[in-house]
Amino acid sequence: MKFRDGMWMVAEGMRVEYAEEVHDITETEKGLSLLCPSKKIRSRGDTLNTSTLTIDLEAPYDGIISVETTHWAGAARKGPHFDLFPQGAPKFEPKITKGDKGTTLSSGSISATISPEEHNFGIQFHSTDKSKVLTSLAARSVGLAYNPATSNPLQTGDMRNFKHYIFTQTNLGVGESVHGLGERFGAFNKVGQSISLWNADGGTSSDQAYKNVSFWLSSRGYGIFIDTSARVELEIGSERCCRAQTSVEGQRLKWYIIYGPTPKEVLYRYSVLTGRPNRVPSWSYGLWLTTSFTTNYDEATVNSFLEGMKERDTQVDVFHYDCFWMKGFKWTDFVFDSEKFPDPKAQIARLKSSGLVNKVCVWINPYIAQHGAAFKEAAEKGYLVKRKNGDVWQWDLWQAGMGLVDFTNPEAVKWYTECLNGLFDQGVDCIKTDFGERIPTLDVEWHDKTVDAHKMHNFYAFLYNKVVYEALQARYGAEEAVLFARSACAGTQRFPLVWGGDCESTPEAMAESVRGGLGLGLCGYAFWSNDIGGFEGYPAPWIYKRWVAFGLLCSHSRLHGSSSYRVPWVIDNDDRSEEGCSRTLAKWTALKTRLMPYLIAQGNKAVEQGIPLSLRATCIEFPEDPTAWYLDRQFMIGDSLLAAPVFDEGGEVEFYLPKGKWTCFFTNKVREGPGWFREKHGFGSLPLYVRENTVLVLGKPGIRGAVYDYQEDVEVCFYHAQEGASADIVDNDGKTLGTLKVAADGTLEGTEPLKGKWDKSDNGRKLGDDSNSKTIKWL
């Protein structure tokens with residue numbers, strides 16, 4: 001939302017009032033409170049008939065300062081509110097100092113200094129050691145606005161026909177870039193963009209997002225978390241080119257500035273504030289296969305898929321039943337279609353006992369169709385959101401006469417959980433929590449009367465996923481719960497995992513998905529997936545194979561489509577050659593299986609640090625490299641692997657390697673960064689490079705399935721590993737058993753947890769007869 005028409009005029013229909021000076025500073029228990037009139041106070045008369053903005057600065061935790069701007073303090077503080085410091089609020093003492101350069105509030109490593117100049121407004125945020133200026137609130141950077149514009153103060157006595165906004169504008173430095181704000185599919189750097197944080201079901205080829213997260217990361221070593229689930233409008237260098245503007249409708253705006261200085265440190269502190277991701281079980285890293293969406297399937301279809309995958313040397317770890325496991329017009333009623341699946345419990349048991357699949361997932365959403373078995377009870381007992389006249393809120397979008405589960409009602413939560421328990425009783429192990437974006441805000445009443453309907457729109461995703469995740473935890477254990485969620489807001493990273501929503505079967509859509517995954521990872525989401533091959537449309541064989549390579553290097557990998565299947569043999573008429581879809585899928589699944597010891601160990605670190613496993617933006621690992629902040633066609637997998645998907649049918653790809661020695665995983669050839677490089681790849685490879693000073697633990701070749709003994713018969717590979725280089729050894733429950741470490745003489749210490757015929761390779765991995773390496777050309 002823009003409040004000005006260029007630099008000189010106010011936007012049509014707007015009245016804008018700015019904080020013109022810091023008139024008074026009051027020390028509080030947690031920090032400072034600033035009284036800021038909307039005109040400069042040069043006489044007593046100036047204190048009359050003028051608005052003021054109160055800016056409260058507080059120091060809740062080392063490296064974090066909160067900034068809350070308030071116009072009318074009597075406005076109710078309606079929920080819902082983000083669950084901050086979910087592991088317990090830390091005890092922290094702010095430090096306040098006064099001097100000729102101003103009044104300073106220090107919160108450990110970050111400080112805010114208020115300008116001492118008379119009749120001036122200015123707040124600078126900087127490192128406490130004064131080595132770095134982060135950003136500032138300069139002249140006319142904080143204000144309030146009315147729409148339509150008022151012409152007489154008496155009009156504000158009745159605000160029913162006016163909208164009221166609070167905004168702040170933080171300075172953007174020269175060359176500063178901004179990233180994150182959820183899973184956004186447009187340009188990676190958000191400078192120059194107008195962004196609305198409002199969850200929507202808009203696909204991956206639009207400016208809408210399923211996962212709007214009110215956090216952004218700056219290349220200058222700080223992040224901003226906006227503490228509201230209401231619609232947030234951002235003008236990031238798009239109203240004033242040198243400022244990032246945040247605005248909300250209402251009387252208050254609160255945000256936290258989080259100092260690093262590195263991205264990892266920023267994200268760690270952000271995870272302390274909003275919550276860390278939980279661990280996911282090792283089986284979830286394996287290949288997921290689905291029925292697809294509107295396809296026709298039954299028990300025989302499912303069996304044929306899984307048997308066909310096994311025949312083609314690909315192990316499926318998780319099989320997913322999408323929407324039509326239930327009858328049409330009845331979603332979600334938690335009842336298998338008896339015509340297609342007469343005995344689902346027995347079928348699921350047979351699938352698992354046969355070894356064709358390890359776990360089973362089913363699709364749900366929080367919408368209860370009028371014609372389903374669940375609607376009558378939910379409506380009668382008050383478990384659905386209501387209109388203000390007491391009727392159940394319903395519409396015909398998606399499901400005829402559908403209602404919406406009211407997760408602010410504790411009894412509705414219990415009922416929904418019992419419905420889920422019924423699925424678990426039948427052998428379902430994990431849940432795809434689809435939808436949750438189209439949440440009504442007008443003419444609705446929630447069970448919890450303290451919540452604001454507009455704030456519930458985005459926050460609903462948190463409640464929905466929390467309920468399902470905790471039901472899974474209660475049944476299977478704290479670290480055995482897995483979601484496949486589409487909607488999210490700040491804090492939902494605590495309930496992994498998420499996927500990228502509905503993408504087309506095109507190279508452009510694959511690139512959109514990469515950008516979305518990178519941006520969401522910069523909001524503290526450790527685990528992410530996407531629909532391999534694209535969701536909409538019928539992927540050409542080359543698209544499918546290139547997407548397989550990309551998808552199997554994400555933390556989680558799922559084959560899923562809309563109106564067509566994603567088993568490889570239907571894509572290319574069952575081409576059994578080395579370059580066919582089936583062999584390509586088998587190779588990449590086998591590669592991910594070999595990487596499991598590394599992935600699990602890196603997943604543990606990602607959870608501890610609040611950072612993404614994959615997709616991990618290159619700037620997280622190389623923040624000092626300015627190029628890294630613009631790389632949106634490649635990603636890191638943990639600390640040590642860099643991957644660049646191929647978007648070209650012929651296999652040509654351009655990618656960037658930061659400073660250092662990088663070893664090609666497929667050939668052991670070494671490149672020296674920094675620099676841009678071009679290569680040509682067949683379908684069994686892509687640019688996959690290992691960072692120098694890496695100890696990479698690989699599982700035994702030939703194993704099928706993600707769950708095996710990660711200690712036995714492993715290959716320990718040195719990639720220019722120097723003294724101190726290390727790698728954690730984990731078991732298949734994710735427990736760290738020890739750490740391998742390179743000694744001063746180049747030997748390997750800490751090998752006690754290793755079992756069987758493990759081996760050490762000093763100059764990259766053992767290649768053997770790797771046909772994939774023969775298709776790689778350096779251009």
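Predicted model: local features only at pLDDT ≥ 70, side-chain atom pairs only at ≥ 80, totals over all residues.
Let's start with the five-stranded one. Its strands are arranged β8-β9-β10-β11-β12, and this open sheet has antiparallel pairing. At the edges you'll find β8 (95–99) and β12 (133–137); each has a single partner strand, so one side of each has no neighbour in the sheet. On average, neighbouring strands here are turned by 20° against each other, if you ignore direction. Strand β11 (residues 123–127) is joined to β12 by 4 bridges, and the two run antiparallel. If you want a spot to look at along that pairing, His-126 sits opposite Val-133 in β12.

The other sheet has 3 strands, ordered β39-β40-β41, and is also open with antiparallel pairing. Its edges are β39 (726–730) and β41 (748–749), each of which pairs on one side only. Between β39 and strand β40 (residues 736–742) there are 5 bridges, in the antiparallel sense. Here the pair to look at is Ser-726, which stands opposite Lys-741 in β40.

Helix α10 (residues 596–609) packs with helix α9 (residues 581–594) at about 55°, and the two axes are 5 Å apart. That angle is why α9 and α10 are oblique to each other. On the α9 side the contact is made by Lys-592, Thr-593 and Arg-594, which meet Met-596, Pro-597 and Leu-599 of α10. Sorted by type, the residues of this α9 contact with α10 come out as 3 nonpolar, 1 polar and 2 charged. Helix α10 also lies across β39 and β40, and runs at about 100° to β39.

Asp-531 belongs to strand β30 (residues 531–532). What surrounds Asp-531, apart from its neighbours within four places in sequence? Its contacts are Trp-499, Gly-501, Cys-503, Trp-547, Arg-558 and His-560. With a relative accessible area of 0%, Asp-531 is buried.

Another aspartate, Asp-322, lies in the loop between β23 (318–321) and α3 (344–354). Is Asp-322 buried or exposed? At 2% relative accessibility, Asp-322 counts as buried, because the cut-off for that is under 20%. Not counting residues up to four places away in sequence, Asp-322 touches Thr-291, Ser-292, Phe-293, Tyr-297, Trp-363, Lys-432 and His-560.

Leaving aside neighbours within four places in sequence, its contacts include Thr-694, Val-695, Val-742, Leu-748 and Lys-760. Along the chain, Phe-718 and Asn-693 are 25 residues apart, yet their C-alpha atoms are separated by 7.6 Å.

How many disulfides does a search of the whole structure find? The count is 0. A disulfide is a covalent bond between the sulfur atoms of two cysteines. Two of the cysteines show how the distances work out. For Cys-361, the closest cysteine sulfur is that of Cys-430 at 4.0 Å, which is too far for a bond because the cut-off is 2.5 Å. For Cys-503, the closest is in Cys-554, and 11 Å is too far as well. Cys-361 counts as buried, with 0% relative accessibility, and Cys-503 is likewise buried at 0%.

Most residues other than glycine have a negative phi, and most peptide bonds are trans. The table lists some exceptions.

| Site | Feature | Angle |
|---|---|---|
| Trp-331 to Thr-332 | cis peptide bond | omega near -10° |
| Pro-496 to Leu-497 | cis peptide bond | omega about 10° |
| Asn-573 | positive phi, not glycine | phi near 55° |
| His-720 | positive phi, not glycine | phi about 50° |

Where do these sit? Thr-332 is in the loop between β23 and α3, and Leu-497 is in the loop between α6 (453–476) and β28 (498–499). Asn-573 is found in the loop between β31 (557–559) and α9, where it counts as exposed at 75% relative accessibility. His-720 is in the loop between β38 and β39 and, at 31%, counts as partly exposed.

Technical notes. Residues numbered from 1 in each chain as written. Heavy atoms only, no water. Axes fitted to C-alpha atoms, helices over the stretch in contact; angles between N-to-C directions. Parallel < 35°, antiparallel > 145°, perpendicular 65-115°, else oblique. Contact = heavy atoms within 4.5 Å. Nonpolar A, V, L, I, M, F, W, Y, C, P; charged D, E, K, R; others polar. Pairing = 2+ DSSP bridges. Buried < 20%, exposed > 50% of the residue type's maximum accessible area, 1.4 Å probe, protein only.
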